[in-house]
Amino acid sequence: MATPLLQIALDNQTNESAIKTLNSLGNEVDILEVGTILCLQEGKSAIEKIRALYPDKIILADTKCADAGKTVAQNCKDAGANWMTVICCATIETMVAARKVMDDVQVELYGDWTFEQAQQWYDNDIKQVVYHQSRDALLAGKRWSDEDLNKIKRLIDIGFKVSVTGGLELETVKLFKDLDIFAFIAGRNLREVENPAYAARAFKEEIKRNFES
Ligand code: 5RP
């Protein structure tokens, strides 16, 4: 199993705030996610500014795109993103249109979706999914369960690179230690701390401890 990557979710409200986060931890993480909130607040300038600062990093635009896959993908690519997200309820045509433009596309798994749909995504060259605990579900008290872990395993068995996210904490990482996780995506627990660089290093150490032994 490869060691999982660490992705920062930049759900900052402004470009200025996102760049402040990156000044601390930008070199500690593997993937820079221009979060949905930042995309909605600042648009493509967020991607452009981050690309200018990090010419060689993977940048994911978390557009959670539901339609107009080709146009949204082209806009993200022109701004400097490598990957983008589409929402799992988008049509296969939207996903394929986005995938034709971007280096890779991640399907964000929220709410209802089926393994039959997942197989269709995979068969159409969509090889990444993000298994998500929504902020709102977490706030309502939902936690990672065996049901989640079993679903993640089935997705990995199909062949997907599976990333996990949603209120991830250091203590959450070990829950996934028997699974071939592609990336851990963390936002608030990396950004909203006194020292984001230190928090990112601690996540990387925890990932290594659980996945390299
Ligand atoms: C919200 C997202 C977030 O970017 C992702 O869940 C990570 O954020 P946090 O660690 O703060 O929950 O996709 O829709």
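This report walks through some salt bridges in a predicted model.

## Ground rules

Residues are counted from 1 along each chain as its sequence is written. Since the model is predicted, local features need pLDDT of at least 70 and side-chain atom pairs count only at pLDDT 80 or more, while totals for chains, interfaces and linings use all residues; side-chain values use heavy atoms, leaving out hydrogens and water.

## Salt bridges overall

Side chains of opposite charge can pair when their charged atoms come close. Searching the whole structure turns up 13 salt bridges (a side-chain nitrogen of Lys or Arg within 4 Å of a carboxyl oxygen of Asp or Glu).

## Lys204 and Asp30

One of them pairs Lys204 with Asp30, with the closest N and O atoms 2.6 Å apart. Lys204 sits in helix H10 (residues 196-211) and Asp30 in the loop between helix H1 (15-25) and strand S2 (31-34), so this pair ties together parts 174 residues apart in sequence. Helices (H or I, at least four residues) and strands (E, at least two) are DSSP runs, numbered from the N terminus.

How accessible is Lys204? It's partly exposed, at 25% relative accessibility. Asp30 is partly exposed too, with a relative accessible area of 25%. Here, buried means under 20% relative accessible area, exposed over 50%, and partly exposed in between (1.4 Å probe, protein chains only).

Lys64 meets Asp62 in a salt bridge (2.7 Å, N to O). Lys64 is partly exposed at 21%, but Asp62 is buried at 3%.

Lys64 also meets Glu108 (3.7 Å, N to O). Glu108 is buried, at 2%. Through shared partners, Asp62, Lys64 and Glu108 join into one network.
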